[in-house]
Amino acid sequence: MIDAHCHSLTRDWTHVDAPAGPSWRRCFTEGDDPRVLAEVPALLGYRRFLAALADRLDAPRDEAALVSARDALARADPAGYLRRLLTDAGVERLLVDTGFDGPAALPLPDLARLAGLPVDEIVRIESVAEAVLRDGVDAARFADAVEERLEAAVAGGAVGFKSVAAYRVGLSLPAPSPGEARRAIDRLDRAAHGRRLADPVVVALVVWRAVAVAARHRLPLQFHTGFGDPDVTLPTADPALLTPLLRDRRAEGCPVVLLHCYPYVREAAYLAATYPDTYLDLSLTLPLAAPGAARLVAEALAMCPATRLIAASDGHSYPEMHWWGAVVWRRALSDALDREVAGLDPAAAVAVAAGVLGGNARRLHRLERSPAERGTLDA
């Protein structure tokens, strides 16, 4: 499996025990209120995770006892523990969005060394724009500076881009005119937006500049869609709102990946079935909704071509999240192919699974090419 959308570990990932409950509880809910975190043990998906990890580590299923055993293993041999989990899940490569957790995240070279696997960067475009704002680039140069930095990221080996516009302004992203963009940038409070860019015109401008770079290199642009942190207003994160972008000729040659999608899995599957170079990812959805994972995969495959479905964990902070995302994907895909795609013979089912778990991502992100080749413009 290629984990086509995930994040790095926290620097202190070998320790999850905490007075209010293990810190990995926050990975099983998008809520951040302590009262919500306290109820994570009541989630059926979390109970499945504890049982599966306890069986894998030959440890007790009780949460506290499992955490104690886990921390002992991780501290005794961090690299060995991490590789044990990734090997068990069949993960062979990690594509990491570096816009999450900031300085608290383990740098990619350190992650690659510990994991013993190839680790590639997915560049979060809003983080690039925020860095440009912090650097005080003149308004007239802002958009060009963002594009130049995205180009530099590709030259440095990045294998794709990601947008969190859904969190900031929603997914209605009409391309602004040069005048609209210049006026919006002039109005910005640079200090505030250097920390968190949330102007709808400027975010749309950044998205369209990223589309241009992605199209030149035939590298994908991932969009967070559907549920997420409490600052998401769910109706504005419906992937169907990206329809004008998918239809726009200026986006030709830019593969788009619709990340997560819940509860809009059917809408995303329709888009992937209708528009060229549009892909569907169920990371975050499957590990959090593990009891319904097979149904969600079947729902996606009911309309989305199998060649457009991408597997990923959206794992972050702790290696168990990458492991659990991969395990749930394998189980759900197996169930969906066994129960819902009865017309496939075993060889065809294996071919579908191989594509979803890795082949589609390998082709989409052009992973067969060297970093230097990915940084070269297509003829």
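Helix α11 covers residues 200–217, and its end C-alpha atoms are 26 Å apart in this predicted model. At 1.5 Å a residue, its 18 residues should span 26 Å, which agrees. Of these 18 residues, 13 are buried, so α11 is largely enclosed by the rest of the structure.

**Helix α11**

- At the start of α11, the backbone nitrogen of Val-201 has a side-chain oxygen of Asp-199 within 3.0 Å.
- Just after α11 comes Arg-218, with a positive phi of about 55°.
- The helix also takes part in a pocket: α11 supplies at least two residues of the lining of the second largest pocket.

**Largest pocket**

- The largest pocket holds about 660 Å³ of space.
- Its lining is made up of 35 residues. Nearest the centre of the pocket lie Glu-30, Phe-100, Tyr-167, Asp-229 and His-316.
- Two or more lining residues come from each of α6 (125–134), α8 (165–168), α14 (285–288) and α16 (319–340).
- By class, the lining of the largest pocket has twelve nonpolar, eleven polar and twelve charged residues.

**Second largest pocket**

- The second largest pocket has a volume of about 240 Å³.
- There are 14 residues in its lining, and those nearest its centre are Ala-143, Pro-178, Ala-181, Leu-205 and Arg-209.
- Besides α11, the helices α7 (142–155) and α9 (178–187) each give at least two residues to this lining. The most comes from α9, with four residues.
- The lining of the second largest pocket divides into ten nonpolar residues, one polar residue and three charged residues.

**Cysteines**

- The whole structure contains zero disulfides.
- For the sulfur of Cys-261, the closest cysteine sulfur is that of Cys-304, at 9.3 Å. A disulfide needs the two sulfur atoms within 2.5 Å, so this pair is too far apart for a bond.
- Seen from Cys-304, the closest cysteine sulfur is in turn that of Cys-261.
- Cys-261 is buried, with a relative accessible area of 0%, and Cys-304 counts as buried at 2%.

**A buried asparagine**

- Asn-360 belongs to helix α17, which runs over residues 346–364.
- With a relative accessible area of 3%, Asn-360 is buried.
- The side chain of Asn-360 reaches the backbone oxygen of Ala-306, at 2.8 Å.

**Backbone features**

- Most residues other than glycine have a negative phi, and most peptide bonds are trans.
- The peptide bond that joins Tyr-262 and Pro-263 is cis, with omega about 5°. Pro-263 sits in the loop between β6 (256–260) and α13 (265–274).
- Asp-277 has a positive phi, near 60°. Its place is in the loop between α13 and β7 (278–281).
- Arg-366 also has a positive phi, near 55°, and lies in the loop between α17 and α18 (371–374).
- The relative accessible area of Arg-366 is 18%. The cut-off for buried is under 20%, so Arg-366 counts as buried.

Note on methods: Residues numbered from 1 in each chain as written. Predicted model: local features only at pLDDT ≥ 70, side-chain atom pairs only at ≥ 80, totals over all residues. Heavy atoms only, no water. Buried < 20%, exposed > 50% of the residue type's maximum accessible area, 1.4 Å probe, protein only. Expected span 1.5 Å × (residues − 1). Polar contact = N/O pair within 3.5 Å; in protein donor to acceptor, adjacent residues only side chain to side chain. 1 Å grid on protein atoms, 1.4 Å probe; cavity = no way out; pocket = protein on both sides within 12 Å on 5 of 7 lines; lining within 4 Å. Points joined across faces, edges and corners; volume = space filled by probe spheres on them. Nonpolar A, V, L, I, M, F, W, Y, C, P; charged D, E, K, R; others polar.
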